[in-house]
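Look at the model below and follow the chain through its sheet and its charged pairs.

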Amino acid sequence: MTFLIISQILNGLGLGMLYALVGVGLTLILGVLNIPNFAHGVLYALGAYLAFTIANLTGSFYFAMFLSPLLVVLVGFLLESQGVRRLYHAHHDYQLLFLFACALIIQEIIIIIWGPIGFSLLPPPSLSGAVDLGFLIYPKYRLVLICFALFMIVCLYLFLTKTNLGAILRAGIENRDMVKVLGINVNVVFLYTFGLGAYLAGLAGALSAPIMGLTPSMGLDILPICFVVVVVAGLGSIPGAIIAGILIGLSQGAATIWFPEATNVVIYVMMGLTIIFRPQGLFGVR
Amino acid sequence: MKKSFFSSLKLKIASVVFGSLFSISSSVSFADTVNILGLFPFSGPYADSGKLTDQGARIALEEVNYTINGKKIKYITRDSETKAGPAARRAQEAIDTEGVKFIVGPWSSGVALAVTEVAKKNKVMYYFSGGTEDISGKKCHKYAFMWAANAWTAMDANLKIFKKANPNAKKIYLFVVDYAFGWTLQKYVESLAPKYGLEVVGVDRHPLGHREYSTFITKAMSTNPDAVYMINFGLDAISAVRQLNNFGFTPKKPVVMSWSSGFEELIQLDPAARENLIVGSNYYYTIDNPDNKKFVEAYKKKFKGVPPGYAGAAGYGLMKMTLLGMQKSGSTEPQKVITALEEHKGKNFVGDFEIRGRNHQTVRPFFVLQTKKKSEMKNKYDMAEVVDISSTEQPKNINMCKDIGSF
């Protein structure tokens, strides 16, 4: 039983890191732009599909992991500069409808280009196979993924806390109007924020492809989890999103041991409990 | 001024649109056409199958040039979303507004159980691809037919071939999708396993649409089973197989995909992840008969040389059987078509095909495949070979359809 619990903690961590990456991107956009990005899921899917294509074209898995999130950033820039920017002063309903429409359109584009049937993206030979941890045989790729996602989260944390741009983004989350008053071009801040959110979604999508595979609906599958991360974390809380992502992954692992039918429900139970007992989220202030 | 111009323009457009709609609806009567609804999942967890099923149905319609018994066929589609509520609502809406008399679809058992009630209430013929046994079991009625092999037939065939290929195997672990059809199959596997000297050492039910199986896999591996026997479908099954391979379970030990769409699922897996799978399916494109060759050719023409899987074949098969009933009865009235299909006995593209009048269950071949290693594949679509074909009928005493009722 102890081994089973330890292995589920490891699984939960791997899952949680992915949720954290994709959830942090969403919470950044929501915090700074005050817009619920319903296209976040398809940006995740786009990251995976672009990684698949680049890996096939170039034969390099690592190059695909590097380039695909950057291409998703370009799509993010396009969405923000040509669409979302025009709706900042509109009612939330319009923003929501616009982004949801974008999500559906991008998903259909994925089907048109890549087809309705999914694909597999294999990790490179050096990351394939499993390692014997003594108590558990665990896939190498998943171990690397946990370490890499942790590295990316630390980098993101340092960027947000140690750089000027990071400070501006955090200030934007706290008080957008004050950032404007300080003479900072908020359009550029918004553009970069959306781009950073898109990068994290694209990166999570690319990293998840060898584990989950690729399907056109993968973006819509991950979207509810992203929003749960944001709600549990507290609106706009970056550390909260990281911890909430990991907590959700761990709770899914725990549910599998004692109540496997509830592995999906447990996510929403967590959200419900948070809303009832701590409406501002675990780390939120508003 | 500008506003009033646009207001009047809007009014004009509206009057033209509504005027033309009215003229169309008044000029076309439901009696002039046979209206068939294809209710398939174009979104939701089985969205990958919806379009393929629809295309299969269209090939059957093209074969008769959208005409039957001197009437034009009007084929309409609705998205089942793999959700019982929306699917039943849309089926009712299509019956009310489009005059639909025949429904084919909708892929998922949970959804089918809702749609079959709509068909019964509205006296509309309904052909379901497969496979909750309730359609031809405890929820059976005169208007509903089941195209797929019975779940019992399928599970018996899978276990028989698994044991034949792995004579030393003793323990199996089940992954079961947590809804009506999954429960049915689990029940049969648990009752049939001892017959083949197998013990079910663990069962995990997972939610429909689940994509992350690491937690289930580590739990299963802790019991050291000789195989993981999967009772799940589509993307759920693909994700689980892929991750079982990541964890090094396959190819060392076999995985049984007990109710697979065959081609459509296997093609999504890399050859390395496909190794050592035993795959049960209602269809595989290499079935050797002239009707199947004709269908495969027509399908490949539509899909750039890609052969059909279960989804495409089911769409084709459902529509073919509906049309066959119309041809046999010389009618497009559901009750006459149904009567013509009861006790039907013949051959079609899957082989010998019989319909039991007492429960509307089809007795037909179920195919068990063994996947090939990459080195054994002649081309990228040569993924498996059919190692067994079983038509063993479900014992009559365990079928839950005790009285199919009347019209």
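Which residue stands opposite B:Val104 in S5(B)? B:Tyr127 does. This is a predicted model. The two strands involved are S4 (residues 102-104) and S5 (residues 125-128) of chain B, and they pair in the parallel sense over three bridges.

Now widen the view to the sheet. An open sheet of six strands in chain B runs in the order S2-S3-S1-S4-S5-S6, with mixed pairing. Strands S2 (67-68) and S6 (144-146) of chain B stand at the edges. Each has a single partner strand, so one side of each is left without a neighbour in the sheet. Helix H13 (residues 334-341) of chain B lies across S4, S5 and S6 of chain B. The helix H13 runs at about 45 degrees to S5(B).

Turn to the charges. The whole structure holds 23 salt bridges over all chains. In one of them, B:Glu63 pairs with B:Lys320, with the closest N and O atoms 2.9 Å apart. B:Glu63 sits in helix H2 (residues 47-63) of chain B and B:Lys320 in helix H12 (residues 310-329) of chain B, so the pair ties together parts 257 residues apart in sequence. B:Glu63 is partly exposed at 30% relative accessible area. B:Lys320 is partly exposed too, at 32%.

A salt bridge also reaches the sheet. B:Arg78 pairs with B:Glu98 at 3.4 Å between the closest N and O atoms. B:Arg78 lies in strand S3 (residues 71-79) of chain B and B:Glu98 in helix H3 (residues 84-98) of chain B, so the pair links strand and helix. B:Arg78 is buried, at 17% relative accessible area. B:Glu98 is buried as well, at 19%.

Technical notes
Residues numbered from 1 in each chain as written. Chains lettered and ligands numbered in written order. Predicted model: local features only at pLDDT ≥ 70, side-chain atom pairs only at ≥ 80, totals over all residues. Heavy atoms only, no water. Pairing = 2+ DSSP bridges. Helix = DSSP H or I, 4+ residues; strand = E, 2+ residues; numbered from the N terminus. Contact = heavy atoms within 4.5 Å. Axes fitted to C-alpha atoms, helices over the stretch in contact; angles between N-to-C directions. Salt bridge = Lys/Arg side-chain N within 4 Å of Asp/Glu carboxyl O. Buried < 20%, exposed > 50% of the residue type's maximum accessible area, 1.4 Å probe, protein only.
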